[in-house]
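Reader: I would like to go through this structure with you. May I begin with the ligand and its polar contacts?

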Amino acid sequence: MEQRTLGSTGVKIPVVGQGTWQMETEDEAGCIDAIRRGLDAGMTHIDTAEMYGAGAVEELVGKAIEGRRDEVFLVSKVLPSNASYSGTIAACERSLERLRTDRLDLYLLHWPGSHPLEETFRAFKDLRAQGKIRYFGVSNFDQAELSKAIAIAGVNEIACNQVLYHLLERAVEHRVLPLCERHGIAVVAYSPFGSGRFPAPDGAAGRVLASIAAAHGVTPRQVALRFLLRRQPVFVIPKAASAAHALDNAAAGALRLTSEDVARLETAFPLGRDRGVLPTL
Ligand code: NAP
């Protein structure tokens, strides 16, 4: 599994991590097994949020990582409605309890909200000083929001921006990714398989994907993840509810595409024009 430094943190984490959204709707034992097998395969970056299943997913993740906390780079998110100074502190305490741990490795503001960012970031910094979080970041911030956040948080403070990014939705490449590159901020690609919108194998673009996968003896999903990882600040967090899917995704961490593969994918899944907005789920 390839590792990369997460933004300006100096910490190396695997390029392929594990999402957990909607796991509360699935077989719990199967999801716990998927997460653990994913950890075995090096996918130690685990992404969750207080929002997921209204806390139920953090509880599931807490069970999955029991006894293995030190292997994990654990990420959770505060809801914008809770992101006042005191609300953020309290939300973090609740997340820690559900996750059965004393610290998060990374704590994100889930999307921009109405509480002043100054308050949220002051809470993040106080949580960091207390050792309850190691790093903080944001999610679903467009270029303007991220520029403002950098000005408020300070240089090299925001570890990542977690954003929607997959083959059929590359809008982040217009402005957000270049801004993150300039400021040493990691881009964590959420819904890297389009959250159910994965290219059909019988469409023209899907056939390109399938032929590249066949040439490398891998699956189209592994090629899709590796395409997103072609730029240095990017990490991916696919969600898998079965060990088989988790292990399939982990294998993308060792795949290498040729420049010709990348060029073919760029053409088959065009960037599209800059609509000036950052799409979200
Ligand atoms: P996703 O990872 O794009 O796609 C998940 C779907 O792909 C599931 O149906 C899953 O099936 C399937 N899948 C996974 N691996 C597979 C494989 N190897 N072969 C075939 N199918 C496979 O969707 P997502 O959950 O929306 O996004 C990933 C993570 O990003 C989330 O779980 C969450 O942690 C994060 N996220 C963050 C935000 C945000 O606002 N910050 C928003 C959305 C998501 P099974 O489940 O059956 O394995």
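Reader: How far is an oxygen atom of the ligand from a polar backbone atom of Trp21?

Author: In this predicted model, the distance between that oxygen atom and the polar backbone atom of Trp21 is 2.8 Å. An oxygen atom of the ligand also lies 3.4 Å from an N or O atom in the side chain of His110.

Reader: And which residue has a polar side-chain atom 2.9 Å from a nitrogen atom of the ligand?

Author: That residue is Asn249. On its own the ligand has 900 Å² of accessible area, of which the protein covers 85%.

Reader: A change of topic, then. How many cavities of 30 Å³ or more does the structure hold?

Author: There is one cavity of that size. The largest cavity contains about 30 Å³ of space.

Reader: What lines the largest cavity?

Author: Its lining consists of His166, Leu167, Leu168, Pro192, Phe193, Gly194, Arg197, Phe198 and Pro199. Six residues of this lining are nonpolar, two are polar and one is charged.

Terms used: Residues are numbered from 1 along each chain as its sequence is written. This is a predicted model: local features need pLDDT of at least 70, side-chain atom pairs count only at pLDDT 80 or more; totals for chains, interfaces and linings use all residues. Side-chain values use heavy atoms; hydrogens and water are left out. A polar contact is a pair of N or O atoms within 3.5 Å; within protein, one must be able to donate a hydrogen and the other to accept it, and residues adjacent in sequence count only if both atoms are side-chain atoms. Accessible areas come from the Shrake-Rupley method with a 1.4 Å probe; for residues, only the protein chains shown count as cover. On a 1 Å grid over the protein atoms alone, a cavity is a set of points where a 1.4 Å probe fits but cannot get out, and a pocket is an open set with protein on both sides within 12 Å along at least five of seven lines; lining residues have an atom within 4 Å of a point. Grid points are joined across faces, edges and corners, and a volume is the space filled by probe spheres set on the points. Ala, Val, Leu, Ile, Met, Phe, Trp, Tyr, Cys and Pro count as nonpolar, Asp, Glu, Lys and Arg as charged, and the others, Gly among them, as polar.
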